[in-house]
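Thank you all for coming this morning. I would like to walk you through one structure slowly, taking one chain after the other and ending with the place where they touch.

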Amino acid sequence: MTDAPKRTPLFDLHVELGGKMVDFAGWEMPVQYPMGIMGEHNQCREKAALFDVSHMGQVMLKGENVGEKLEAICPQVFSSLKEGKARYGFFTNDAGGIMDDLIVSNAGDHFFVVVNAALRHQDIPHMKASLEGVEVTEIFDRALIAVQGPSAEDVVGGLCPAARDLKFMETAIGDIDGVACRISRLGYTGEDGFEISIPKDKAIGIARAFLAHEDCEPAGLGARDSLRLEAGLCLYGNDIDQTTSPVEANLSWAIQKRRREEGGFPGSARIQKELAEGTMRKLVGIRPEGRAPARQGVEIQNLGGDTIGQITSGGFGPTVGGPVAMGYVSAGHDRPGEKVNLIIRGKAQPAEVVALPFVTQNYKR
Amino acid sequence: MATYYSEEHEWITVEGDIATLGITQHAADQLGDVVFVEQKETGDEFGKGDEIGVIESVKAASEIYAPVDGEVVEVNEELADNPGALNDSPEGDAWIYKIKLADASQLEELMDLDGYKAFIG
């Protein structure tokens, strides 16, 4: 993996807009623009922000009973996912850990799946090997743009009125400037918004059209991270990985009733047992009392000085106005209100376990 | 009164044997939005190259390294309540320490403004 970082179809626009480019999962991506992470974060919470998420893997699944076949490798119900609906899910491994998290949409004549950038090389072969009779095609000729924030409906609806009719977790083909795009009402910021899959040669033109709206500004990976953290959303590689089970990660809500009861997915023995009996550790929200951010890797102790866990994501939450974090703590310490200490640069800093999310999610239900 | 600059992007302005120390505008711009500053206390002594504080931005934590030997004689307490001042005025109101120099000859090893400008390109 010593290849030069890849560039998305929006690369030239990022550079033109003053994006500070960094290598992220093998992709040259903007971490921020001149507005800065804090400003971009607030822009998304208050108006609208445009993110390039083209580094994520877009995959088309074609064949008979794709939804049902996906259930062999995911603990979700996809067989009854209606056309035009999207659902959050994950691939589990035989030990009940999470291989990756993803969004699955029923696009009518195919299923449309979006996976994490860093795991494209794992997920595509995994689906090809596991989904018999399904044609698995990685889409390389489309960009993916997220427009997020309370003004997102205005920004996207202004160019594509049909987008206004979508509700949270719905998807449709819409015409933007004469270009057929897949528009899905979802995102990873905790705000209302859309992710739009666009033919790559039209991506910069459509991004410019969105940015021409007075409420819409570009935002980079830095703001994307603080937004999803405040919204209590897991980042693969930080908060969830091959060793963490969905129950530990508080993702049980994403395992539908039938699958909980019937099992029949990789790692179902562990996951069903944990659903019934609880887990040894749990992912929780952590709110440091002081101003010092607690970042990934910081040790969590109980007030007696025993290690009870570790921070998996942490930083400053601009909307909260202070540091916010997520981490795993051992059973018995996961209740909101539990007082803990965070060991930051050798010093114990007081903090409290809190309910997630840190900010109210503003989805259009 | 003269101002010197370090390769770690600190400035130090000397009046007699007392000096004011902070980070440069260039450093502040690179850090991005500052959200927390960890400072030493008055009376703490340090040697050149020692870590004498940490600046946390939205992006990451960055250490402050002492450009000279000395002792903290005053801490800018404003930064605890308003760390963002380090973005607005890092070479003015948002100084970090006043220090007593242990060895003024160490200043010779630092850069002047022209040297620093050339250093950051």
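Let me begin with residues 10-258 of chain A, a stretch that is 24% helix and 31% strand, and whose end C-alpha atoms are 41 Å apart. In UniProt, an unreviewed entry annotates these residues of chain A as "domain: GCVT N-terminal". Please keep in mind throughout that what you see is a predicted model.

To look at one pair in detail, take strand S9 of chain A, residues 142-148, and strand S12 of chain A, residues 193-199, which pair in the antiparallel sense over seven bridges. Which residue in S12(A) is the bridge partner of Arg142(A)? That partner is Pro199(A).

The crossing in which H2(A) passes H7(A) is right-handed. On the side of H2(A), the residues that make this contact are Ile37(A), Glu40(A), His41(A) and Cys44(A), while H7(A) brings Gly222(A), Ala223(A), Ser226(A) and Leu227(A). Sorted by class, the contact of H2(A) with H7(A) has four nonpolar residues, three polar residues and one charged residue.

Further along chain A, an unreviewed UniProt entry lists residues 281-359 as "domain: Aminomethyltransferase C-terminal". Over these residues of chain A the chain is 0% helix and 57% strand, and the end C-alpha atoms are 24 Å apart.

Let us turn to chain B, where UniProt, again in an unreviewed entry, lists residues 18-100 as "domain: Lipoyl-binding". This span of chain B is 18% helix and 43% strand, and its end C-alpha atoms lie 5 Å apart. Chain B has an open sheet of three strands, in the order S4-S6-S7 and with antiparallel pairing. The edge strands here are S4 (34-39) and S7 (61-65) of chain B, each pairing on one side only. Direction ignored, neighbouring strands of this sheet are turned by 20° against each other on average. Strand S6 of chain B, residues 51-57, pairs with S7(B) in the antiparallel sense over five bridges, and in S7(B) the bridge partner of Glu56(B) is Ala61(B).

Finally, how many residues does each chain give to the contact between chain A and chain B? Chain A gives 12 residues and chain B gives nine residues. On the side of chain A that touches chain B, the elements that give two or more residues are helix H2 (37-46), helix H7 (221-230) and strand S16 (307-317) of chain A. By class, that side of chain A has five nonpolar, five polar and two charged residues.

Key:
Residues are numbered from 1 along each chain as its sequence is written. Chains are lettered from A and ligands numbered from 1 in the order in which they are written. This is a predicted model: local features need pLDDT of at least 70, side-chain atom pairs count only at pLDDT 80 or more; totals for chains, interfaces and linings use all residues. UniProt positions are given in the numbering used here, feature names are shortened, and annotations may be inferred rather than shown by experiment. Helices (H or I, at least four residues) and strands (E, at least two) are DSSP runs, numbered from the N terminus. Two strands pair if DSSP finds at least two bridges between them. Axes are lines fitted to C-alpha atoms, for helices over the stretch in contact, and angles run from 0 to 180 degrees between N-to-C directions. Two residues are in contact if their C-beta atoms, placed from the backbone, lie within 7 Å. Ala, Val, Leu, Ile, Met, Phe, Trp, Tyr, Cys and Pro count as nonpolar, Asp, Glu, Lys and Arg as charged, and the others, Gly among them, as polar. A crossing is left-handed if the near helix is turned anticlockwise from the far one by less than a right angle, and right-handed if clockwise.
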